[in-house]
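I opened this chain to see how it is put together. My entries follow the order in which I looked things up.

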Amino acid sequence: MPVVRRALPRLGPVLAVLALTVCAMFAAVPAHAAAAGLDSVAEALTKSAVYVDPRARDQLSEADAEDLAKKIEDAGKPVFVAVLPEAAEFPPGTLMRDLRTQVGIAGVYAVRLGDGFNANADSSVMSRNAVGNLTGAVKRSHSRDTEGLLTAFVDQATEQAKGQAPATWSGSEDDEGGGGAAVLLTVGAVAAAGGGGYALYRRSKKKREGAELDALRVVVDEDITAFGEELDRLDFHPSEPGVDDAMRQDYTHALDTYDKAKELMAMADRPQDVQPVTTALEEGRFALATLAARRAGAPVPERRAPCFFDPRHGPSAIDAMWAPPGGMPRSVPACEADAALLAAGQEPMARQVQTAHGSQPYWNAGPAYAPWAGGYFGGTGSMLGGLLVGTMLGSVLSAPSAFADTAPVDSTPEGGEFTGADFNPGDFGGGFEGGGFEGGGDFGGGDW
């Protein structure tokens, strides 16, 4: 141990004790001990797609495991594979649920336990039917051939799984040699105790927020452009005869809100930063409506919420009855054109946005659009309460935390996102035909 002794004087007391402890562990503990226990399995799967317990090397060689991991990581999908021995620390009844809890990442999980095999997945990544059908097929065709079974499963799972590989896999290629991996596992466990899981959550949240902001930026840029075009079409000159100070004030306010919206959007770096942008646009459109009334000699309009179906239509003119598909009718603020369409039994001109499932009305596009809608409707209060009940945005916008300084939590996280223990255990329940593992006991059986 000469290298460690020379390094000790340059380490602080705590690090010195840690270094000696690690060295003592490798000197006194069998080679497979660093890999024993579900904690170590979960820690390893956050670094690589495939984990093989040293006691199960007869099931899958190191070379085959590396090939399988490369196949998954090249595909960039959140598919996790573990090959484990039948041992007391891996109780088959709760193993899948406990493994998913400790890894904490949404994905597809496949486990070879002794001679048995089972797999489950978060429903946002792969449907329960797809996992069940695939698991049954590979068990029937490769029941005793671990390498063939896992390869067949991975080939199909990486084609069907949604989402991306976890960001934590990016550093897995830097780990070289069994000893180095064991050191990383040991130190990684210490890091996890000091907040490593929270750091992973923060990285995952930042990645999700970046994707949400990119989608919102497209929509908000269209809103800003549409408002700018309204200003361009406006035939108004502050110095023309008949123009009074109130009209000039309305016009100046509209121009100011346009500039403000552009500036705020340029500075936005989180989804919730979009809310003040759409608030500015709503103010600007009301200023134009007030200006139009003054020029026509009509009464100044009351402040109303924007058109529910598309805020680009401007302030609403009337409350009209509308119901989402399968929902209860409710009164919503609508512009004259949309109100006329509803009265004629036709669909209103709803604002469509792009989603993973194609073009959808904004109220069915997911919680990422809460800040966008909150800026238009949150300040007036008319859209809150029961107005959006029955739509995907309804529960988000009516919650007290809808406009807090925290991104709304998506109840269906994408594959590869860190969720910790927050997942639906129903995604992992209900065994398969034959009682779970073939030849390996009841693995699953209603747990995960």
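I am working with a predicted model, where local features need pLDDT of at least 70, side-chain atom pairs count only at pLDDT 80 or more, and totals for chains, interfaces and linings use all residues. Residues are numbered from 1 along each chain as its sequence is written, and side-chain values use heavy atoms, with hydrogens and water left out.

**Confidence.** I checked pLDDT, the predictor's confidence in each residue from 0 to 100. The chain's mean is 77, and 71% of its residues reach 70 or more. Over residues 171-195 the value is below 50, and I find 22 contacts there beyond near neighbours in sequence (contact: heavy atoms within 4.5 Å). Residues 429-448 also stay under 50, with 57 contacts beyond four places in sequence.

**Overall.** I count 13 helices and eight strands (DSSP runs, H or I of at least four residues for helices, E of at least two for strands, numbered from the N terminus). Of the 448 residues, 45% are buried (under 20% relative accessible area, 1.4 Å probe, protein chains only). Take contacts between residues at least 6 apart in sequence: 66% of them join residues at least 24 apart.

**Cores.** I looked for nonpolar cores, meaning sets of buried Ala, Val, Leu, Ile, Met, Phe, Trp, Tyr and Cys residues joined through side-chain atoms within 4.5 Å. The largest has 51 residues, and Val81 and Phe153 are among those with the most contacts inside it. Strand β2 (residues 79-84) gives the most to this core, six residues. A second, separate core has 39 residues, including Met265 and Trp322. Back to Val81: beyond four places in sequence, its contacts include Leu68, Ile72, Leu150 and Val154.

How do α4 and α7 run relative to each other? The axes of α4 (residues 62-75) and α7 (residues 146-160) come within 10 Å and cross at roughly 5°. I therefore log them as roughly parallel (angles under 35 degrees between N-to-C directions, with axes fitted to C-alpha atoms over the stretch in contact). Leu68 and Ile72 are among the α4 residues that meet α7, where Leu150 and Val154 are among the partners.

**Thr290.** Thr290 sits in helix α10 (residues 275-296). Is Thr290 buried or exposed? Its relative accessibility is 4%, so I log it as buried. Outside four places in sequence, Thr290 contacts Asp250, Val300 and Pro301. Pro301 is 11 residues away in sequence, and the C-alpha to C-alpha distance is 6.3 Å.

Technical notes: Buried means under 20% relative accessible area, exposed over 50%, partly exposed in between (1.4 Å probe, protein chains only). Axes are lines fitted to C-alpha atoms, for helices over the stretch in contact, and angles run from 0 to 180 degrees between N-to-C directions. Angles under 35 degrees count as roughly parallel, over 145 as roughly antiparallel, 65 to 115 as roughly perpendicular and the rest as oblique.
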